[in-house]
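Me: I am new to this structure and would like a guided look at it. Could we go through it one topic at a time?

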Amino acid sequence: MFLRKVLSLRHTLAFRLTFWYAGVSAISSFAAFLVCYFLTASVIHGSMDQQILNEIPEYSSLLSLKGMETLKTSLMLEAASEGVENTFFRVLTQNGEELFSSNMSSWGNLGIGRSALERLRNGANHVFETLTVPEKRYKVRILYGIIGPDKILQIGESLEDNERLLGVFRRIFGATMVVLMALGGFIGWFMARRALVGVEEVTETAIDISKGAFKRRVSVKDRSAEIKKLATTFNVMLDQIDILVTGMREMTDNIAHDLRSPITRIRGITEMTLTTGKSMDEYKTMGTSTIEECDRLLKMVNTMLEISGAEAGVSQLTMENTDMARVVREACELFQPSAEEKGVAIISEISESSFVYGDIQKIQRMVANLLDNALKYTPSGGTITASVNTNKGQVVVFVNDTGIGISQDEVPNIFRRFYRCDQSRSQAGIGLGLSLALAIARAHGGDITATSHPGKGSQFVVTLPQSSLPR
Ligand code: ADP
């Protein structure tokens with residue numbers, strides 16, 4: 001179980017980031033070490049070579065000034081003072097015959113480099129070579145230099161000190177690299193965890209929401225810009241889903257509630273007529289009522305489909321240049337007879353044409369719904385005034401009435417589906433007219449607002465983007 005958990009870690013982003021972080025820091029410190037190591041080694045070897053090389057002219061002048069015996073003594077003393085296991089000297093002829101050597105007991109059967117002698121014979125001043133002495137742990141640096149006619153001095157220096165120094169350097173670096181890698185891994189893990197903590201919170205929130213905590217949101221505080229953006233977008237998306245879900249829930253509740261009443265009425269009428277009805281007239285009345293209720297149901301379902309279609313933007317809109325002045329004037333004319341019958345005056349204050357680009361039938365429906373409400377909720381003796389203006393690229397339609405008005409608490413709700421104010425329940429209606437009007441206005445890039453004073457009247461204002469003439 002634990003092993004599986006550990007193994008599954010390698011698929012995580014945090015692990016990969018850590019791995020890359022530690023890997024990159026290890027590779028870069030290793031590269032830095034290689035550069036330092038080779039630079040140090042070359043400086044150490046270079047200074048040693050220079051030191052040995054400086055001895056050739058010294059012994060050359062000693063030979064020419066003081067002769068072979070003095071040279072021998074001087075070389076013996078030098079070898080003894082340096083330590084015969086660290087240094088040796090040999091004087092050779094150009095053919096490689098040994099004329100003299102210091103104590104060679106520590107140097108085994110160290111041969112003479114034939115190729116080095118060959119190069120000296122061919123004109124080289126000096127030749128360096130590095131050899132491995134079978135009996136010794138460390139290599140030896142050897143210099144051949146001409147110190148006189150047919151006299152070659154071979155100097156050997158053990159590289160023990162240099163190699164020890166570089167060995168210490170390698171060990172220190174190895175230890176430092178282990179520490180650096182561990183530190184790199186730790187810092188990488190820490191940083192990856194810190195960077196991803198916001199992402200984890202988003203995941204946890206999504207899990208909580210899938211378990212039913214729909215109101216849960218991701219905290220946006222103390223986050224990096226990218227995570228803040230992710231969290232904000234995620235929260236906005238959740239809010240949208242919440243609105244949609246609440247809307248759908250409201251709609252299904254409303255459907256259940258508002259469809260139940262007509263269906264119950266149909267059932268009640270039918271049952272009563274079947275049990276008590278005796279005459280043909282009673283059956284005719286039952287039929288008429290059933291048709292009326294069915295029409296009401298059909299109207300409700302069709303209007304709801306229209307609203308959903310307009311809100312979701314899937315309604316087929318037949319777009320054309322539409323003169324709002326004409327639409328409002330014609331609508332007023334259409335309602336005139338009913339208004340006269342009710343004793344309500346309809347005044348249209350429309351001067352010039354104002355065009356919008358839209359679906360004329362839908363727009364007519366929207367205006368008709370507003371006028372229908374104004375007429376419905378304005379008692380006899382009242383007045384309805386409809387006007388059309390243009391303002392800052394918008395066509396504005398006002399529908400004012402002197403009717404019963406809407407209380408301030410209820411104004412924000414009147415555009416909700418199936419919402420009906422208490423005082424208007426005596427009037428026929430299904431509470432979908434304003435929802436549809438608003439959905440149509442929004443589908444055309446516009447809006448509807450309402451202001452009202454109970455007992456004095458209401459004002460509905462439609463704004464739609466003005467169209468440039470004519471398309
Ligand atoms: P309804 O079919 O009930 O008229 P609407 O969606 O058209 O449904 O209107 C919702 C509610 O808003 C109405 O029931 C009514 O209470 C209120 N309302 C709408 N227009 C007016 C108005 N002009 N005057 C007073 N109340 C209104």
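This is a predicted model: local features need pLDDT of at least 70, side-chain atom pairs count only at pLDDT 80 or more; totals for chains, interfaces and linings use all residues.

Me: How many aromatic pairs does a search of the whole structure find?

Reply: The search finds eleven aromatic pairs. In one of them, the ring centres of F15 and F19 are 6.4 Å apart and the planes are at 20°, so this pair is stacked.

Me: Why does that angle make it stacked?

Reply: Planes under 30 degrees apart count as stacked, and the planes of F15 and F19 are at 20°.

Me: And is F19 buried or exposed?

Reply: F19 is exposed, because its relative accessible area is 54% and the cut-off for exposed is over 50%. F15 has a relative accessible area of 32%, so F15 is partly exposed.

Me: What about Y59 and F89, how are their rings arranged?

Reply: Y59 and F89 form an edge-to-face pair, with 5.8 Å from centre to centre and 70° between the planes. Y59 belongs to helix α3 (residues 55–66) and F89 to strand β1 (residues 87–92), so the pair ties together parts that are 30 residues apart in sequence. Both Y59 and F89 are buried.

Me: Which residues do ring pairs link into a cluster?

Reply: The cluster consists of F30, F33, Y37, F38, F169 and F173, linked by ring pairs.

Me: Changing topic to the ligand: how many residues surround it?

Reply: The ligand is surrounded by 20 residues, and the closest are N373, Y377, R420, S424 and L434. By class, this shell has ten nonpolar, seven polar and three charged residues.

Me: Which elements supply at least two residues of that shell?

Reply: Those elements are α10 (360–376), α11 (433–443) and β12 (457–465). With three residues, α10 gives the most to the shell.

Me: What distances separate side chains from oxygen atoms of the ligand?

Reply: For N373, a polar side-chain atom lies 2.8 Å from an oxygen atom of the ligand. An N or O atom in the side chain of Y377 is 2.9 Å from a ligand oxygen atom, and for R420 the corresponding distance is 2.6 Å.

Me: How much of the ligand's accessible area does the protein cover?

Reply: On its own, the ligand has 530 Å² of accessible area, and the protein covers 98% of that.

Me: Back to α11, then. Why is it described as largely enclosed?

Reply: Eight of the eleven residues of α11 are buried, so this helix is largely enclosed by the rest of the structure. The buried residues are L434, S435, L436, A437, L438, A439, I440 and A441. L434 is also one of the closest residues to the ligand.

Me: What do the buried residues of α11 pack against?

Reply: They pack against α8 (280–312), α10, β11 (447–453) and β12.

Me: What follows α11?

Reply: G445 follows α11, and the phi of G445 is positive, near 80°.

Note on methods
Residues are numbered from 1 along each chain as its sequence is written. Side-chain values use heavy atoms; hydrogens and water are left out. A residue is near a molecule or strand if one of its heavy atoms lies within 4 Å of it. A polar contact is a pair of N or O atoms within 3.5 Å; within protein, one must be able to donate a hydrogen and the other to accept it, and residues adjacent in sequence count only if both atoms are side-chain atoms. Accessible areas come from the Shrake-Rupley method with a 1.4 Å probe; for residues, only the protein chains shown count as cover. Helices (H or I, at least four residues) and strands (E, at least two) are DSSP runs, numbered from the N terminus. Ala, Val, Leu, Ile, Met, Phe, Trp, Tyr, Cys and Pro count as nonpolar, Asp, Glu, Lys and Arg as charged, and the others, Gly among them, as polar. Rings of Phe, Tyr and Trp (its six-membered ring) pair if their centres lie within 6.5 Å; planes under 30 degrees apart count as stacked, over 60 as edge-to-face and the rest as tilted. Buried means under 20% relative accessible area, exposed over 50%, partly exposed in between (1.4 Å probe, protein chains only). Contact means heavy atoms within 4.5 Å.
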